[in-house]
Amino acid sequence: MKILYIYGSVASYDHGLGNLIKRTKAVFEELEAETETIDLAALHPPYYDGDTTGAMDGVFEKIRQASGVVFATTAQVFAPTALMQSFLEYLEHTEYADILKGKHCMLMVLSREGGEKSALDYLTKIVQHFGGYAAAKIGLKAPHLSTLDEGTTGDFADSITEDFYRAVHKNRQYIIPTDYVAGVTAPPPTATEAPAEAPQEAPPTKPEPSKLTPFSDTEEKEIDELSFLFSKKYTKDPILSEGADAFNALTAPKAPPLMTEVPAFVPEGNPFAPMSAPAAAPAKPDTTEIEKLTRDIPKYFQSSLSAGLQAVIQLNISGDEKFDGFLYIHSTECTYTEGTAPAPDITIMADTTIWKEVLSNKTTAQKAFMIGGIKVRGDFVLLTKFDTLFNFPDA
């Protein structure tokens with residue numbers, strides 16, 4: 001196994017990156033992996049103008065032959081160095097476009113006072129755009145290196161390096177979001193020939209934007225029937241019974257609203273005056289409660305069970321609170337973003353009542369699906385993983 005380092009910094013802006021590289025290379029060598037470093041400052045690649053050079057041919061051939069690639073750079077103004085960016089632009093050349101396809105990459109960024117995260121995001125997009133795997137990331141600030149040889153920083157770097165070695169050794173596969181993959185575009189519409197007698201073809205109408213294709217009437221009916229059967233089958237399970245009751249309550253006709261205010265003055269002898277004040281309606285729930293619980297999902301992420309997984313989970317919540325968001329799982333990292341993902345691997349649709357039960361550990365996503373409390377589109381395997389990847393606290 002050979003690990004190739006692409007080092008894109010200069011001595012005056014190193015901030016200690018060379019020491020971090022030395023530490024990670026020692027780990028690879030202990031695992032009997034061969035390492036090699038290409039210093040871009042010594043190579044000094046010319047600006048990319050659409051053509052290639054002999055020097056670049058040699059570097060990219062080494063990348064092609066390497067088992068894994070480490071891109072190491074400092075963060076300058078919240079981005080990789082100009083050396084690294086100039087080098088990466090060569091990936092647009094047709095001869096190099098597939099160099100990173102299926103290649104496991106480790107990204108290392110060191111900043112002086114900040115900017116390592118944005119630089120890591122930049123490198124991640126580049127690697128994924130050209131079909132590579134951003135299998136491991138190390139982002140640190142220069143002050144962190146004071147404990148590199150003895151302390152948590154060194155242990156952290158060793159752990160990430162060892163995990164990257166295993167990913168390369170086992171040829172671990174990842175799911176790359178389609179919006180990052182080069183060449184992936186929407187299929188062109190099928191051409192249709194207008195009838196001969198038509199004097200003029202009507203201009204195409206722009207479809208209304210929609211997040212999801214709605215279920216047909218037949219699909220809706222089948223889902224309702226299955227939900228009813230499952231709720232009858234599992235009524236002995238108290239958790240499922242609660243879920244079935246909640247779902248039935250959601251689909252039941254809504255009662256007329258209760259009178260919440262009493263007239264300030266009722267004339268004496270008014271035959272329509274109420275005998276007594278009506279019961280107060282229950283307090284309106286906090287309309288942001290479920291959304292707050294959903295934003296906190298990454299807090300309960302069990303990263304020890306997610307190594308090698310990369311997926312986008314879209315959440316469409318309706319009912320008392322309506323909002324959309326998605327979870328992005330990248331190996332041992334999980335983030336939540338508001339809005340709609342461009343190409344989710346799975347979409348979970350749920351009412352706030354059922355979704356709250358899932359987030360409160362009163363039921364599981366799988367059980368809620370079985371009784372029809374939530375609907376799912378996409379990779380159903382991820383639904384089973386959802387219940388194991390997140391350990392929600394009891395309400």
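Student: What do the buried residues of H12 pack against?

Tutor: This is a predicted model. In it, the buried residues of H12 pack against strands E7, E8, E10 and E11, and against helices H10 (352–359) and H11 (365–370).

Student: Which residues of H12 are buried?

Tutor: Leu382, Leu383, Phe386 and Leu389 are buried in H12. Viewed down the helix axis, the buried residues fall within an arc of 125°, so they line one face of H12.

Student: Which strands does H12 lie across?

Tutor: Helix H12, residues 381–389, lies across E7 (310–318), E8, E10 (346–351) and E11. Its direction is at about 70° to E10.

Student: In what order do the strands of the open sheet come?

Tutor: The order is E9-E8-E7-E10-E11, five strands with mixed pairing. E9 (333–338) and E11 (374–378) are the edge strands; each has a single partner, so one side of each has no neighbour in the sheet. From one strand to the next the twist averages 20°.

Student: How many bridges join E8 to E9?

Tutor: Six bridges join them, and the two strands run antiparallel. E8 covers residues 323–330. Phenylalanine 326 stands opposite threonine 337 in E9.

Student: How is a pair of aromatic rings described?

Tutor: By the distance of the centres and the angle of the planes. A search of the whole structure finds twelve aromatic pairs. Take phenylalanine 301 and phenylalanine 390: the ring centres are 5.6 Å apart and the planes lie at 45°, so this pair is tilted. The two residues are 89 apart in the chain, with phenylalanine 301 in the loop between H9 (289–295) and E7, and phenylalanine 390 in the segment after H12.

Student: Which pair do phenylalanine 390 and phenylalanine 392 form, stacked or tilted?

Tutor: They form a stacked pair, with 6.0 Å centre to centre and 10° between the planes. Phenylalanine 390 is buried at a relative accessible area of 4%, and phenylalanine 392 counts as buried at 8%.

Student: Is threonine 161 buried or exposed?

Tutor: Threonine 161 has 0% relative accessibility, so it counts as buried. The residue lies in helix H6, residues 152–169. A polar atom of the threonine 161 side chain is 2.7 Å from the backbone oxygen of alanine 157.

Student: Which residues is threonine 161 in contact with, leaving aside neighbours within four places in sequence?

Tutor: Threonine 161 is in contact with Thr24, Val27, Phe28, Met106 and Ile138.

Definitions and conventions:
Residues numbered from 1 in each chain as written. Predicted model: local features only at pLDDT ≥ 70, side-chain atom pairs only at ≥ 80, totals over all residues. Heavy atoms only, no water. Pairing = 2+ DSSP bridges. Helix = DSSP H or I, 4+ residues; strand = E, 2+ residues; numbered from the N terminus. Axes fitted to C-alpha atoms, helices over the stretch in contact; angles between N-to-C directions. Contact = heavy atoms within 4.5 Å. Buried < 20%, exposed > 50% of the residue type's maximum accessible area, 1.4 Å probe, protein only. Polar contact = N/O pair within 3.5 Å; in protein donor to acceptor, adjacent residues only side chain to side chain. Arc of directions from axis to C-beta. Phe/Tyr/Trp six-rings, centres within 6.5 Å; stacked < 30°, edge-to-face > 60°.
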